[in-house]
Amino acid sequence: MLKEIRGVHTPLSYAYQSLVRTFYRDEMAPPAKAGYSQSPQKPRLFVERGQSLGFSDLLQVEKGWKPFTKRDFYMAHTREYVDGFFAGKTPLCESNGITWSAEFAQSVRYTNASLYQAIRAALSDPTTISFSPTSGFHHATPTGGQGFCTFSGQVIAALKLYRERGLVGAFVDLDGHFGNSIEDSRSF
């Protein structure tokens with residue numbers, strides 16, 4: 001038997017909640033533009049755009065989660081890269097093509113943690129749709145950033161969830177190239 005929820009037919013025994021749990025904090029976007037790239041601003045820009053389009057009533061913004069520590073980043077990246085990035089050491093701190101600042105460095109702790117929290121929430125309650133308004137993960141490698149991507153957030157999230165729950169999953173990357181973050185992390 002199917003039940004209609006917001007115009008979508010779903011099995012009666014598996015009705016979804018109507019709100020989208022959105023793992024967003026203001027700290028996810030640095031206050032100033034980081035060089036010429038808009039990538040660090042995307043979380044804030046997305047949420048603001050959703051609000052201007054009237055989607056605020058659909059987004060349940062979750063703010064009670066913590067940013068990643070350097071230890072979390074060590075799961076998918078060398079200590080040299082992680083420590084160099086957070087200390088602002090060139091060329092490591094700008095290997096992603098983005099102008100480094102302390103605010104930008106702080107923001108990646110939140111964007112990476114946001115993705116993990118959204119996946120974790122979806123696994124904990126499959127009737128909830130979870131969302132992380134983030135970007136900048138899939139070009140990073142274990143030894144440095146590339147193409148506006150600083151750290152491999154999806155690799156870190158997958159490793160954390162595998163270690164915590166023994167669960168595995170898949171990511172579909174529609175960027176049209178092979179390698180970088182996930183593939184380059186296999187041997188690491």
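Trainee: How many bridges join strand β3 to β4?

Mentor: First, this is a predicted model, where local features need pLDDT of at least 70, side-chain atom pairs count only at pLDDT 80 or more, and totals for chains, interfaces and linings use all residues. Residues are numbered from 1 along each chain as its sequence is written, and side-chain values use heavy atoms, leaving out hydrogens and water. Helices (H or I, at least four residues) and strands (E, at least two) are DSSP runs numbered from the N terminus, and strands pair if DSSP finds at least two bridges between them. Strand β3 (residues 20-23) runs parallel to β4, and the number of bridges joining them is four.

Trainee: Which residue in β4 stands opposite Phe-23?

Mentor: Look along β4, the strand that β3 is joined to. There, the residue opposite Phe-23 is Glu-62.

Trainee: Through which helix does the chain cross from β3 to β4?

Mentor: This is a β-α-β crossover, and it is right-handed (with the strands pointing away from the viewer, the path from the first strand over the helix to the second runs clockwise). The helix on the way, residues 42-52, is α1.

Trainee: What is the angle between the ring planes of Phe-85 and Phe-151?

Mentor: Rings of Phe, Tyr and Trp (its six-membered ring) pair if their centres lie within 6.5 Å, with planes under 30 degrees apart stacked, over 60 edge-to-face and the rest tilted. Phe-85 is in helix α3 and Phe-151 in the loop between β5 and α5, so their pair ties together parts 66 residues apart in sequence. The ring centres are 5.2 Å apart, and the pair is edge-to-face because the planes meet at 85°.

Trainee: How many degrees lie between the planes of Phe-68 and Tyr-116?

Mentor: Phe-68 is buried at 4% relative accessibility, and Tyr-116 is buried at 6% (buried means under 20% relative accessible area, exposed over 50%, partly exposed in between, with a 1.4 Å probe and protein chains only). Phe-68 lies in the loop between β4 (59-62) and α2 (70-73) and Tyr-116 in helix α4, so their pair links parts 48 residues apart in sequence. The pair is tilted, with 5.9 Å from centre to centre and an angle of 45°.

Trainee: Over the ring of which residue does the charged end of Arg-109 sit?

Mentor: A charge sits over a ring if NZ of Lys or CZ of Arg is within 6 Å of the ring centre and within 35 degrees of the ring normal. Arg-79 sits over the ring of Tyr-74, 4.0 Å from its centre. For Arg-109 the distance to the ring centre is 4.1 Å, and the ring belongs to Phe-86.

Trainee: Which residue does a cis peptide bond join to Thr-90?

Mentor: Omega is about 5° at this bond.

Trainee: What is the phi of Phe-148?

Mentor: Phe-148 is in the loop between β5 (129-131) and α5, and is partly exposed at 32% relative accessible area. Although Phe-148 is not a glycine, its phi is positive, at about 70°.
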